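User: I would like to learn how to read the features of a structure one at a time, with the general idea set out before the particular case. Could we work through one together?

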Amino acid sequence: MPQTSNNIVGFVNLLSFLISIPMVIVGVSMSQGSAEECYQVMAKPMIIIGGFFMFFSLVGIIGACCNVTFLLIVYLILMMFVIIVGIIFSMITMIATSKGAEEVKTREGYKEYRLPDDPNWLAMAILKENSWESIKSCLTVPEHNVCTDLKERQINSTDTELDQNELTPIQSGCCKPPSECGFVYGGMTTWTKNNGGSSKNNDCNLWNNDNKTLCFECQSCKAGVIYGVKDSRRKSSVVNIVFCIFIVVFYFISICALGNSAKHG
């Protein structure tokens, strides 16, 4: 049927429009209702992305359902922009995850993380002072503190039992001191400094049992964050590929809708 492509474009864009509404609402409420820097950082991208897709979807809905040729042309141009951005983002993801932070296995069985001697641009961006302060504010925000999970597990005070619990790269780097410090584990996120320790790792001096401090200024914490980003980017690359394939297919359906609109116009 000649109108099938128009119906598909209209339906998909209606879903996209409905999804964009809560994104904008949440973004605005986060920017106005919280003084936490973490929320302020997340709010802007949500408002921008949500607003773009709201406008993008409206153009597609009106163009497809009302057979407005001009709007469908604008819609196709915007979609081509989305396709190009998706491809570029996928390429950047592949480059960014090539290096960043290294995983090492300690004698105690922990997976710990180290910054390489030549960190890539992603790692350098994260390590910038302003960037790290924003990231740290997200890691330490009370209701989402990454180390709270360790307390909720009610871990007993033995090193072996802590080994048996799976720690994320961020928890490994930020919620406990490096193993080479030789600290005595006191349960949950509490560690006692060993006066006989001779490690030259400056992270050992930065560790503090205070929940707002812990090892959030440590190099190991920064390495854990970078490795976590690297790992999540690798997983998201599959989603990026599927998204690009879907958009390309949908682009050709939209071209059919433009043809139908031109005939009716």
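Predicted model: local features only at pLDDT ≥ 70, side-chain atom pairs only at ≥ 80, totals over all residues.

User: How are the rings of Tyr 113 and Tyr 227 arranged, and why is the pair called tilted?

Analyst: Planes under 30 degrees apart count as stacked and those over 60 as edge-to-face, with the rest called tilted. The ring centres of Tyr 113 and Tyr 227 are 4.7 Å apart and their planes meet at 40°, so the pair is tilted. Because Tyr 113 lies in strand S2 (residues 111–114) and Tyr 227 in helix H10, the pair ties together parts that are 114 residues apart in sequence.

User: How many aromatic pairs does a search of the whole structure find, and which residues do ring pairs link into a cluster?

Analyst: The search finds 9 aromatic pairs. One of them is formed by Phe 56 and Tyr 75, whose ring centres lie 4.8 Å apart with the planes at 20°, so this pair is stacked. Phe 56 belongs to helix H2 (residues 37–65) and Tyr 75 to helix H3 (residues 69–96), and the pair links distant parts of the chain, 19 residues apart. Both Phe 56 and Tyr 75 are buried. The cluster that ring pairs build consists of Phe 52, Phe 53, Phe 56, Tyr 75 and Phe 81.

User: Turning to cysteines, how many disulfides does a search of the whole structure find, and what does the link of Cys 147 and Cys 175 look like?

Analyst: A disulfide is assigned where two cysteine sulfur atoms lie within 2.5 Å, and the search finds 4 of them. One joins Cys 147 to Cys 175, with an S to S distance of 1.9 Å, and the torsion of -90° about its S-S bond makes the link left-handed. Cys 147 sits in the loop between helix H5 (129–140) and helix H6 (148–152), while Cys 175 sits in the loop between helix H8 (169–174) and strand S3 (184–185), so the pair ties together parts that are 28 residues apart in sequence. Cys 147 is buried at a relative accessible area of 4%, and Cys 175 is buried at 0%.

User: Which handedness does the disulfide of Cys 174 and Cys 221 have, and why?

Analyst: Handedness is read from the torsion about the S-S bond, which for Cys 174 and Cys 221 is about 85°, so this disulfide is right-handed. Because Cys 174 lies in helix H8 and Cys 221 in helix H10, the pair ties together parts that are 47 residues apart in sequence. The two sulfur atoms are 1.9 Å apart, and Cys 174 is buried, as is Cys 221. A further disulfide is formed by Cys 215 and Cys 218, with sulfur atoms 1.8 Å apart; the torsion of this link is about -90°, so the disulfide is left-handed.

User: What is Ser 220 in contact with, leaving aside its neighbours within four places in sequence?

Analyst: Ser 220 is found in helix H10 (residues 219–264) and counts as buried, at 7% relative accessibility. With those neighbours left aside, Ser 220 is in contact with Tyr 113, Gly 173, Pro 178, Asp 203 and Cys 215. A polar atom of the Ser 220 side chain lies 3.0 Å from the backbone oxygen of Gly 173.

User: Which residues does UniProt list for "transmembrane region"?

Analyst: A record of this kind is an annotation, and annotations may be inferred rather than shown by experiment. The unreviewed UniProt entry lists residues 6–29, 41–64, 70–97 and 238–260. In the model, residues 6–29 are 100% helix, with the end C-alpha atoms 35 Å apart, and residues 238–260 are likewise 100% helix, with the end C-alpha atoms 34 Å apart.

Terms used:
Residues numbered from 1 in each chain as written. Heavy atoms only, no water. Helix = DSSP H or I, 4+ residues; strand = E, 2+ residues; numbered from the N terminus. Buried < 20%, exposed > 50% of the residue type's maximum accessible area, 1.4 Å probe, protein only. Polar contact = N/O pair within 3.5 Å; in protein donor to acceptor, adjacent residues only side chain to side chain. Contact = heavy atoms within 4.5 Å. Phe/Tyr/Trp six-rings, centres within 6.5 Å; stacked < 30°, edge-to-face > 60°.
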